[in-house]
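Have a look at it first.

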Amino acid sequence: MAYLEILGVRKTFGEVVALDDVTLSIDRGEFFTLLGPSGCGKTTLLRIVAGFEPPDQGNVKLDGEEITQMPPNRRNMGMVFQAYSLFPNMTAEENVEFGLRVRGWPAAQRARRVAELFDLIGLSAARKRYPYQLSGGEQQRVALARALAIEPRVLLLDEPLSALDAKIRVQLREEIRAIQKRLGITTLYVTHDQEEAMAISDRVAVLSRGRTEQIGTPAEIYENPATPFVAGFVGTMNHLEATVRDGHDGLVEYHGVRLRIDAARGRDPGTSVLVLVRPEVVEVRPVEEGGGIKGRIHAQSFMGPVTRLKIALEGGDELIADVPSARARALRTGTEVAVTFPPDAPRILDL
Ligand code: ATP
């Protein structure tokens with residue numbers, strides 16, 4: 001059942017179309033992420049949901065109620081921003097308590113709620129500290145507790161981890177996810193980091209230039225990107241332009257080489273398609289072992305369990321392949337290779 005609905009929302013700033021007819025439907029208790037590059041409209045959409053910005057067109061509904069014109073303080077939503085959003089002159093505890101005071105909660109109830117929240121974020125020992133006495137990660141935990149204090153109907157998070165270093169980012173995103181699940185709170189999360197979006201979300205909307213390119217679970221988006229933009233933005237993807245030769249057997253031709261690709265079945269011969277292949281499914285052999293698309297390894301980077309090879313294909317494209325590092329020893333830079341992939345691995349998009 002849709003809980004938070006964004007219906008045909010459009011927003012312009014002068015000439016800039018920040019959002020162009022965006023429709024999203026978010027379920028109760030869902031962790032939903034807006035993912036896209038800088039300037040695609042993520043923050044604008046979050047601000048419209050929060051009520052800080054009116055849309056030019058379209059509606060926002062919460063639990064069936066039209067809230068497009070409702071002022072932010074009546075929406076009962078909690079928000080966490082990038083960083084430095086705590087009140088600097090208040091202790092951590094006073095920050096968390098603030099919203100409860102504004103709402104006139106009695107002292108005993110406030111104290112109980114604040115204690116619960118510090119327990120939830122694992123920072124009970126730091127309650128009396130001021131923001132400048134807390135690390136960036138701790139400050140963001142307190143900001144999360146402050147947003148949760150009022151028992152919001154929706155939690156809005158705008159790149160809450162972007163100012164933190166990589167290790168803390170991963171740790172805190174797992175904590176946020178665990179807290180969200182425990183409370184069952186409907187969450188709208190904004191990030192430009194595709195790995196973060198994949199790791200944390202129930203569903204993701206990929207945005208580009210104010211439009212939704214695809215909505216789906218992380219696995220759906222990773223495995224079946226709907227557009228070339230999504231394919232390029234989410235994970236590393238090889239793109240090869242090819243022509244369908246036989247739609248019955250799923251044969252396509254790439255620079256004179258015939259490849260069998262299951263996803264090409266049912267397409268008309270002569271159709272131009274984009275073959276999408278993840279680096280981890282590419283099979284690379286020395287050219288003498290034959291078959292497939294020929295190329296030459298021109299760069300290698302060791303990444304631990306796998307080694308990433310950059311292969312200049314005959315025909316001009318560059319292909320990225322991640323091969324087990326033990327195998328990569330036989331595949332040095334300069335080696336002439338033949339590249340194949342399992343027929344069920346590539347995806348196909350029409351060109
Ligand atoms: P980032 O990740 O960089 O924050 P974003 O995806 O959140 O990007 P938005 O901040 O929503 O993007 O901005 C979308 C577009 O609208 C951008 O081109 C931006 O410059 C423009 N924009 C946003 N707010 C305003 C404003 N108040 N006045 C003018 N233009 C704006």
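Helix 1 gives the most to the shell around the ligand, with three residues. Helices here are DSSP runs of H or I with at least four residues, strands are runs of E with at least two, and both are numbered from the N terminus. This is a predicted model, where local features need pLDDT of at least 70 and side-chain atom pairs count only at pLDDT 80 or more, while totals for chains, interfaces and linings use all residues. Residues are numbered from 1 along each chain as its sequence is written, and side-chain values use heavy atoms, with hydrogens and water left out.

So who sits around the ligand? The residues there are Phe-13, Val-16, Ala-18, Pro-37, Ser-38, Gly-39, Cys-40, Gly-41, Lys-42, Thr-43, Thr-44 and Glu-159, each with a heavy atom within 4 Å of the molecule. Sorted by class, that makes five nonpolar, five polar and two charged residues. In this scheme Ala, Val, Leu, Ile, Met, Phe, Trp, Tyr, Cys and Pro are nonpolar, Asp, Glu, Lys and Arg are charged, and the others, Gly among them, are polar.

| Residue | Protein atom | Distance to a ligand oxygen |
|---|---|---|
| Cys-40 | polar backbone atom | 3.0 Å |
| Lys-42 | side-chain N or O | 3.0 Å |
| Thr-43 | side-chain N or O | 2.8 Å |

Taken alone, the ligand exposes 630 Å², and the protein buries 58% of that; the areas come from the Shrake-Rupley method with a 1.4 Å probe. Two or more residues of the shell come from each of strand 2 (16-27) and helix 1 (42-50).

Five strands make an open sheet, ordered 15-19-16-17-18, with antiparallel pairing; strands count as paired if DSSP finds at least two bridges between them. Strand 15 (283-286) and strand 18 (318-324) are the edges, each pairing on one side only. From one strand to the next, the twist averages 45°, taken between axes fitted to C-alpha atoms, on a scale from 0 to 180 degrees between N-to-C directions. Strand 16 (residues 293-302) is joined to strand 17 (residues 306-313) by seven bridges, and Ile-297 has Ile-311 in strand 17 as its bridge partner.

Lastly, Arg-101 belongs to helix 3 (residues 92-102). With a relative accessible area of 47%, Arg-101 is partly exposed, the class between buried (under 20%) and exposed (over 50%), using a 1.4 Å probe and protein chains only. Arg-101 and Ile-150 are 49 residues apart in sequence, with their C-alpha atoms 10.0 Å apart.

Notes
Polar contact = N/O pair within 3.5 Å; in protein donor to acceptor, adjacent residues only side chain to side chain.
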